[in-house]
Every structure is written in structure tokens, then in C-alpha cells.
Amino acid sequence: MTKTLTRAVGTVLRAATTLTLRAVDYLRVSTEEQAKGYGIAYTGKKTARYIERKGWAHVGTYADEGYSGSLEADDRPDLKRLMQDARKTPRPFDMVVVNEGRGIGRTGRAFWKWVWELEDLGVYVAVVKKDYDNSTPSGRSQMRKDADYAEDERENIRDRTQGGIQEKAEGGLYPGGTIPFGWTVKETGEFILSEGETEALRMGRKVFVEKRSWQEVALTLNSKRLFTRSGRPWTRKNIRGRLMGDAVLNNRIVWRGDTAARDQDGNPIFGQTVVIDLPPVFSEEEIEELKAADAARPRTVKTRERVYLLRGLMTSLCGKYYEGHQHRPTEVIYRCKGRQESYAGAGDQCSCPYLEATSIERQVWADVVRVLSDAERMKALSQNWLDATAGDRVDQTKRIADLDQQIAEVEDLIEVTEATAARRALRRGFSRAEAEEAAERASKPHMDELEGLERLKREAEAFQREAADATRRLQGLERLAEAARRNLAELTDVEKAELLDLMGLEAKVVRCAPRRLGVACGIREWFVKAGRGVPVLTDEGWELIKPLMGGSRSKLDRRQVVQILLDKAVSGERMIDLGAKHGLNSKSLQTQSHRWLSDGTWVKAMERLKDVQTSPVWSPDPIEIEVTIRPLAIESKLGDGARDGSRPVRPRRTRCARRSPAGPRRGRRPGRPRGTP
């Protein structure tokens, strides 16, 4: 006997004996339903009375207020918690009670996925409104009808809503969404200028034309308390976005423009693009003056020569992300985004230290290589992934077979019903066409049931494909580890950065020492980048490099300078301290080191000393970094399916973009050949 059957039998036996069934209620209302007054308390009273009337023990409540019924279980916090509790052993409840069928979900995917998993766990769902549950064939049939009705209702609501919005936009009225800064909307839906906001825009334009600095614009507006619409101070990026936006420069809103959802042919799904004219804030001359001032503003040219492996992947002690930065010509670092003010003049920068880029990247990359090359750690990662995705890998084979059987039975019933109805009509003297119509009317309820069963089968098959994908990705982890042992050492920095991003790597700085003051040592940076130790300079070694180092017109002892620079790379001492120790000018030492590095002399000298004894390069105090890798992302992004011929994995979509895996709702099933004699 399978675990699923054992659990189901246990629930039935509990119901058939004197044991009391344990029930929890799941309460969900959307934001739209809240506006109509149907809150959690309203539905909670109904489900509580239903549980009491049934004689069940009410052992808990799960509630998701303001969450759409089109969201899946993982995207509704309390439903996700309910599913986690249902998987526990021993099982804490036997029934889940909802007020209406649409409380389960408004799409097939959102509806059936968690209902079916509960069935497999031996937990059934009861609906208050029509007093049924899915523990019986009649209850399951009614649940299919409720699921179809909920999805049809959702489609109708969306069509009516989008049609009304399109009509408003075409009439030049406010269609919904964010109102551009500088305008407001009358009760009739017309756009008019907002007096307070236009004052901020006009002053901002005036300051920028005079000073050519968005930071100065933000500081000026904040000092005069002309804040954003939400009452927050301006930042330079925020005010620039408002003044240089399409609404201000072109006096318009493009409704359903470039960001609108589109079909395969590139046409907007919910309606055509509409341009809504706005009353102007500035004259054409003022707008041209603003554009000219922005074009004439001095701009810094950013180079992208270096690839920062951890850009956007590493969080600091304050919770913000680190970004790569060329701090000095010879120094690259990671700088926390929290070191920037939240708005002009805020003074709320964090104190997270700068991190040396090269050493941090070496440290994290070494961790990644160790993980991917270690079979045991890869197994541990895969087990963690198994635990996290248990609900996505439910075997639907038995359910598909049951649905096939039900579909076959309903098809037989349709044939018998149509044949019987047609014969009766013909015996009564109806024409052949009238007999076919009578047969179609008689079989319509069964046709509707058949369509619902076929839709359920498509859903189950889609879930089954996802489970197969999950299993395939899990099996691919070992192949990934083997590939890592062979290929990771040969990757370029660009390929490393791409791999870390595709893997879903997350690095979190747990502990780090304050960064030392002063200019970074270019000599030490050279050794770190080259991955070499610092050579010990002997008499023989000096004779090898002496012809390269020059010095006939210099007062400095070139061997002493080389030795000081090597000592600095090993000890980490500051140049000013070493200069004082040896009685030399620290600036002269710094200048000489820059010359040797820039003209290639240092590289040639170190190449001649590559075979001598070396000392380790000085490293700053260790930085503790917590590295997390998501194996699901690793396998799905590497496209393993393209190699073994299986179906490629679809990327996970945002909650707003999810649709039923069974595809769009199909139209009415075409008429079948009638069973006329």
C-alpha cells in the first residue's frame, strides 16, 4: 500500500469511526473583495459555523488577506505555511475548509496544484457555500465546476475592466496608474496642473539651467521644503527623472506603450496604444533651454575594462549591495551602495569599509570551485534542494490514469446519450438536423464535464512535466560537478561573472576589519594580481636585475629601493613609515615604484627572479563572507536539457506573469459525429 493511499484510508477511517475529524479553515479575500466589505472576519465566521455544524474539531486558521486568487500556494504566505504543516508527520489536520470555491484559486494552476497535493497527503478540502468536499466523486465533480466558474469569472472581470480603461484613455481621461509629477486629476478624470508640484518643477528647471547640477537642484528644493509627492526629500536621480521625463518634455502620457504586455505579433494584449495629451508645464523655449543645459553638462566617462565578479551579488554589513569601483589607477575595490546619501543633504551614509576587489574575488571563487568539485557537498546541496521543492515533484501518474478512465467513461456516456436522444427525436418525426440538435442538447452537461476533465488532465500532465524537469535537474548536479573539475580553471573573468550570476550565488559579508588609510601599494597589487610570491633578494638575484633598474643619475641606492618595495609587499607597512625607517623620502620611493610599474621594468625584473625563493604577500585582516549557491539555478541555466535531448527548462516567472501550464483556455469543444441510427 502506498503512502498516499495509507494517508487517504486513515482519513476515511477517522471519519467512519468515532474519532473526530480535525479541520482548519483557509481564509482568502482579494483587495477588490475587501473594498466591497467582504473581509477575513466575514468569511471566518462562516467557516467556523460550518466546522461546528459538521461536528469537526477546529484546530487552526490560515488567512491571506489582500492576496489574489491567481497566485499559487508559494506566493500566498499563509497558504504556503498550511502546505508545510500538512506535510508534517503526524499530520496535524484532516480537512481544509474554505468559504467559496474561488477562495481556493481563480486559475487552474492556482486551484488544483495544492488541492491535489493535499489529496495525496490524505487531507481533503471542504467548501462552505455549496456544502461539499472532494472526498467523494460527486464532490470532486462539483469542485471542477467551481474551478471552471472561478476562472471564467476572472477572465470576464479582466475583459470588462480592461475595456473600460481603454475607453477612458481614448477619451483623454485618467486610465489609472501613476499620475505624472506635476499633474493631478479632476473628479471627471481630466488631467490638470498641480500647483504645488509645478512650483517644484519650475524652480528645479531654473536652478539646473543656472548651475548645471542635479545635486544642486535637489539640495535647493529640499532646503525650501518642496518635497516629492510622498513627502520625501529629493535625490539627484529622482528630480532628473521628473524634469527630463516624457511627460514634462513632450506633455503626454503614452498609455500601453513599450512596457505593455504584448502578444506574439507585438501587439498590446489588452488594448491599443493611446497617447494622452497633458497641459504643458513649460513653454517650448523653456523646454529647449532645459534640454540644452542637460546636453552641455559635463559627464564622467566610465570605463568597463575590468569585470567585477561580485557586482550586485554581495551584500554588506548594512544590508546594501557592493558595487565595483576603480578607486585609484592602481586600486580596484568594492564599495557599499549605502555610502551614498539617501537624498541630497541627508548625511546618512553607512560606514561599511571598502573591500579590495582582487583578494575578495579570489576568496569567493575558491569557495565556488571547492563546492562544485566536492561530490559530498554537491549531494548536500541537492538534498537541500530536494527538501525545498518537495511540492513540485509530486508524481501525477496515478491521477492522470484516473482522469483517463473518467474521460473514457464520460465519452461512452456521451455517445449513448446522443444516440438515444437522436433515435427518440427521429421516432417523433423530427428531421435529421433537428435530431442532431436534440442530441447536442441532451449531451451538453456531459460535454461540459468532459471538457473539465480534459482541462484537469492537461494541468496534471503539465505538473508531471515539471516534476520530470525537477528530477532531471537534480541528476544533472553530478554532471555539473564533473564539468567543474575539468573546466572552471580555464574560465575568463567574463565567463566567471556570468557563471556566478547564473548559479544564483549570493555572498554576504559577515565580518570585516576597517580598511587601512592611505594609497594602496601598487607593488603589492602587482604580486596579488599575478598570483606570485615576493622574491627574496640575494646578491645573486640583484646581479640578475641590476642592469634593468637604472640609477646612474639618481641619488637613491637602487638595490635599497628594490629591497624596501619587496619588504613593503611582505610586511604591509606604510610607505611613509618605511621611508622614515631607512632615512629616505617616502614620495621619492612612491614615484620610483610607479615609474617601474608603468614602463614595464618591474615586470621584467620579477620575471628574472621567478625561480628564486619567495615569501607570501601581505594580506589584510581576513574578511568573513557567507556564500550561498542555489543548485536549481545552476542546472536550469546551463541548458543541460539541450544536450540530452529532453525539454529545456522554462525560467521561473514573476507572480504577475504566471499562467496555467496547460496553456490558454480553449474554446468550445467542436461537435462530434452524432450517433444517429
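**Figure 1. The hairpin of β4 and β5 in the predicted model.** Four residues lie between the strands of the β4 and β5 hairpin, and among the features of this hairpin is Asp 131, with a positive phi near 50 degrees. The model shown is a predicted one. Asp 131 is located in the loop between β4 and β5, and its positive phi occurs in a residue other than glycine. Because its relative accessibility is 42%, Asp 131 counts as partly exposed. Tyr 132 in β5 is the bridge partner of Val 127.

**Figure 2. Strand β4 and its place in the open sheet.** The sheet consists of five strands in the order β2-β1-β3-β4-β5, with mixed pairing. Strands β2 (57-65) and β5 each have a single partner strand and stand at the edges, so one side of each has no neighbour in the sheet. Strand β1 (residues 22-29) runs parallel to β3, to which three bridges join it; Met 95 in β3 is the bridge partner of Ala 23. Strand β3 (residues 95-98) in turn pairs with β4 in the parallel sense, over four bridges, and Val 98 stands opposite Val 127 of β4. In a regular strand, side chains alternate between the two faces of the sheet. Within β4 (residues 124-127), Tyr 124 and Ala 126 point one way, Val 125 and Val 127 point the other way, and all are buried.

Figure 3. Glu 119 is a residue of helix α5 (residues 108-120). Its relative accessible area is 15%, which lies under the 20% limit, and Glu 119 is therefore buried. The side chain of Glu 119 makes a polar contact of 2.8 Å with the side chain of Asn 134. Met 95 is 24 residues from Glu 119 in sequence, and the C-alpha atoms of the two are 10.0 Å apart in space.

**Figure 4. The cis peptide bond at Pro 90.** Thr 89 and Pro 90 are joined by a cis peptide bond, with omega about 0 degrees. Pro 90 is found in the loop between α4 (77-86) and β3.

**Figure 5. The largest nonpolar core, viewed around Trp 214 and Ile 239.** This core comprises 34 residues, of which Trp 214 and Ile 239 touch the most other members. Two or more residues each are given by α6 (137-170), α7 (195-211), α8 (214-223), α9 (236-243), α10 (246-250), β8 (252-255), β9 (274-277) and α11 (284-296). Helix α7 provides the largest share, five residues. Ile 239 contacts Trp 214, Val 217, Ala 218, Leu 221 and Trp 234, leaving aside its neighbours within four places in sequence. Apart from this core lies another, of 29 residues, including Val 368, Leu 500, Ile 623 and Ile 625. In soluble globular proteins, nonpolar side chains tend to be buried together.

**Figure 6. Arg 225 in the loop between α8 and α9.** Arg 225 is placed in the loop between α8 and α9. Although not a glycine, Arg 225 has a positive phi of about 60 degrees. Arg 225 counts as exposed because its relative accessibility is 63%.

**Figure 7. Helix α19, its ends and its cover.** Helix α19 (residues 558-571) has 14 residues, which at 1.5 Å a residue should span 20 Å; this agrees with the 20 Å between its end C-alpha atoms. At the start of α19, a side-chain oxygen of Asp 557 comes to within 3.1 Å of the backbone nitrogen of Arg 559. Gly 572 follows α19 and has a positive phi, near 80 degrees. The buried residues of the helix are Arg 558, Val 561, Val 562, Ile 564, Leu 565, Leu 566, Lys 568 and Ala 569. An α-helix has 3.6 residues a turn, so residues three or four places apart point the same way. The cover over the buried residues of α19 includes α17 (522-530), β15 (534-535), α18 (539-549), α20 (575-582), α21 (586-598) and α22 (601-608).

**Figure 8. Confidence along the chain.** The protein has a mean pLDDT of 76, and 74% of its residues reach 70 or more. Residues 1-9 have pLDDT below 50, and this stretch has nine contacts in the model beyond near neighbours in sequence. Over residues 632-677 the pLDDT stays under 50, and the model has 94 contacts beyond four places in sequence for them.

Conventions: Residues numbered from 1 in each chain as written. Heavy atoms only, no water. Buried < 20%, exposed > 50% of the residue type's maximum accessible area, 1.4 Å probe, protein only. Pairing = 2+ DSSP bridges. Core = buried A, V, L, I, M, F, W, Y, C linked by side-chain atoms within 4.5 Å. Contact = heavy atoms within 4.5 Å. Polar contact = N/O pair within 3.5 Å; in protein donor to acceptor, adjacent residues only side chain to side chain. Expected span 1.5 Å × (residues − 1). pLDDT = per-residue confidence, 0-100.
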